[in-house]
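User: I have a structure on screen and would like to go through a few residues with you. Could you take my questions one at a time?

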Amino acid sequence: MSVSVRIPTILRTYTDGAAEVNGEGETLRDVLQKLDADFPGIGARIFDETGKIRRFVNVYVGDEDVRFVDNLDTATPSGVQVSIIPAVAGG
């Protein structure tokens with residue numbers, strides 16, 4: 001399934017500056033693994049050492065926060081937009 005993946009500014013160094021890239025996969029796990037294969041190193045910024053999405057990285061499939069759906073097993077139907085949004089600290 002072909003999807004679009006929105007890349008936050010902080011991770012665009014991995015995508016040669018692209019704000020959005022094409023992705024493929026039936027689940028979010030598939031999409032993110034392919035993203036890491038296409039753009040080596042980006043996965044280390046999204047996944048922790050156990051293979052889960054890092055605590056301070058939010059991922060949406062369409063308008064759904066995957067933490068409240070099926071996490072990495074969330075379906076990614078063709079044409080949906082996947083958004084990777086790192087938490088921003090401030091003070």
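User: To start, which strand is Ser 4 found in?
Analyst: Ser 4 is part of strand β1. Please note that this is a predicted model.

User: Is Ser 4 buried or exposed?
Analyst: Ser 4 is buried, because its relative accessibility is 14% and the cut-off for buried is under 20%.

User: Which residues does Ser 4 touch?
Analyst: Leaving aside residues up to four places away in sequence, Ser 4 touches Glu 20, Val 21, Val 80, Gln 81 and Val 82.

User: Let us follow Val 21, then. Where does it lie?
Analyst: Val 21 lies in strand β2, which covers residues 20-24. Val 21 is buried, with a relative accessible area of 9%.

User: What does Val 21 touch?
Analyst: With residues up to four places away in sequence not counted, Val 21 touches Val 3, Ser 4, Val 5, Ile 7, Thr 15, Leu 35 and Phe 39.

User: And how many Å apart are Val 21 and Ile 10?
Analyst: Their C-alpha atoms are 15 Å apart in space, and the two residues are 11 apart in sequence.

User: Leu 35 was among those contacts. Which residues of helix α1 are buried?
Analyst: In α1, residues 28-38, the buried residues are Leu 28, Val 31, Leu 32 and Leu 35. They cover an arc of only 90° around the axis, so they are on the same side of α1.

User: Why would residues with such spacing point the same way?
Analyst: An α-helix has 3.6 residues a turn, and therefore residues three or four places apart point the same way.

User: What do the buried residues of α1 pack against?
Analyst: They pack against β1 (2-6), β2, α2 (42-46), β3 (57-61) and β5 (81-86).

User: Changing topic to β3: which residues are on its covered face, and which on the uncovered one?
Analyst: Val 57, Val 59 and Val 61 form the covered face of β3, whereas Asn 58 and Tyr 60 form the uncovered one. In a regular strand, side chains alternate between the two faces of the sheet.

User: How many bridges join β3 to β5, and do the strands run parallel or antiparallel?
Analyst: There are 5 bridges between β3 and β5, and the strands run antiparallel. Val 61 has Val 82 as its bridge partner in β5. Val 82 is also one of the residues that Ser 4 touches.

User: What about β3 and β4?
Analyst: β3 pairs with strand β4, residues 64-65, in the antiparallel sense over 2 bridges. Tyr 60 stands opposite Asp 65 in β4.

User: Which residue takes a positive phi in that hairpin?
Analyst: Gly 62 does, with a phi near 65°; the hairpin has 2 residues between the strands.

Conventions
Residues numbered from 1 in each chain as written. Predicted model: local features only at pLDDT ≥ 70, side-chain atom pairs only at ≥ 80, totals over all residues. Heavy atoms only, no water. Helix = DSSP H or I, 4+ residues; strand = E, 2+ residues; numbered from the N terminus. Buried < 20%, exposed > 50% of the residue type's maximum accessible area, 1.4 Å probe, protein only. Contact = heavy atoms within 4.5 Å. Arc of directions from axis to C-beta. Pairing = 2+ DSSP bridges.
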